[in-house]
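Here are my notes on this one. Have a look at the model first, then read on.

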Amino acid sequence: MRSLRAGRLTYVVLALFTAGSLFPLLWTAIAASRTSTRLAQTPPPFWFGGNLGHNLQVAWTDANMGTALLNTVIVAGTVAAGTVFFSTLAGFAFAKLRFRGSRPLLALVIGTMLIPPQLSVVPLYMLIAKLSWTDRLQAVILPTLVGAFGVFFMRQYLAHALPMELVEAARTDGASSLRVLWHVVFPAARPAMAVLGMLTFVMAWNDFFWPIVALTQNGSPTVQVALTGLGRGYIPDQSVIMAGALLGTLPLLLVFLVFGRQIVGGIMQGAVKG
């Protein structure tokens, strides 16, 4: 069997795509190390300056980034864990369990993805106001704790990755439903759970629309809400705004550096473990 080898053109294309992907992050770091006056000049700077530490300190203080980062970790982590758990349960039910109305219910779940999220803002805000949850983290966590995309994603994966014979064998051995989920379904769904958890964590971290409605900058802000305070004023300091954006991006990079190998290993893992 002839092995495939990458040519020079492949490496050139990969290098170009890598450079294009890293350029926004590099430019954010360069802009955060300069002054706002220098950023307004032509041509713009293409290398680091000496104001990075000062701009980071100003952004950290003015935007209350310590509290914002902690709140965002809580929100994104809880939403990701809840979405993975509940989506796996619902996906297993739709993929392998026989019950009346499963197809209409699945169609209804998928149909909710067609509804613009802006339509639910007013009734959802009225609900959290009646519950006295305004400017509290549960107002952001609970409405996004499970979504139609996650349910459909896990359903499609489990429909092909989990043999029904394995579930029936576990039930024949006397395993309860909880034990089947813990020892059969969750190990089989681990690769998809890793991908869904990663995607959900990133989306929850970057979510801006609903948090800016439910939270305030002076109360319990997330990172995206806190960054809006840096853009206020008659003449916003663009270098400080870039420093705040850099502070909000670094935790995501840290997550990928720490858990990237486990996530990729989970994706490449194709065996069903009992």
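**Notes on the pocket and the helices**

1. By class, 19 nonpolar, seven polar and one charged residues make up the lining of the largest pocket. Nonpolar here means Ala, Val, Leu, Ile, Met, Phe, Trp, Tyr, Cys and Pro, charged means Asp, Glu, Lys and Arg, and the others, Gly among them, are polar. A pocket is an open set of points on a 1 Å grid over the protein atoms alone where a 1.4 Å probe fits, with protein on both sides within 12 Å along at least five of seven lines; lining residues have an atom within 4 Å of a point.

2. Keep in mind that this is a predicted model, where local features need pLDDT of at least 70 and side-chain atom pairs count only at pLDDT 80 or more, while totals for chains, interfaces and linings use all residues. Residues are numbered from 1 along each chain as its sequence is written, and side-chain values use heavy atoms, with hydrogens and water left out.

3. Of the 27 lining residues, Pro117, Pro143, Thr144, Val146 and Gly147 sit nearest the centre of the largest pocket. Helix H10 (177–206) is among the helices that each supply at least two lining residues, and H10 gives the most, with four. Helices are DSSP runs (H or I, at least four residues), numbered from the N terminus.

4. UniProt's unreviewed entry lists residues 68–93 and 180–205 among its "transmembrane region" spans; such annotations may be inferred rather than shown by experiment. In the model, residues 68–93 are 100% helix, and residues 180–205 are also 100% helix.
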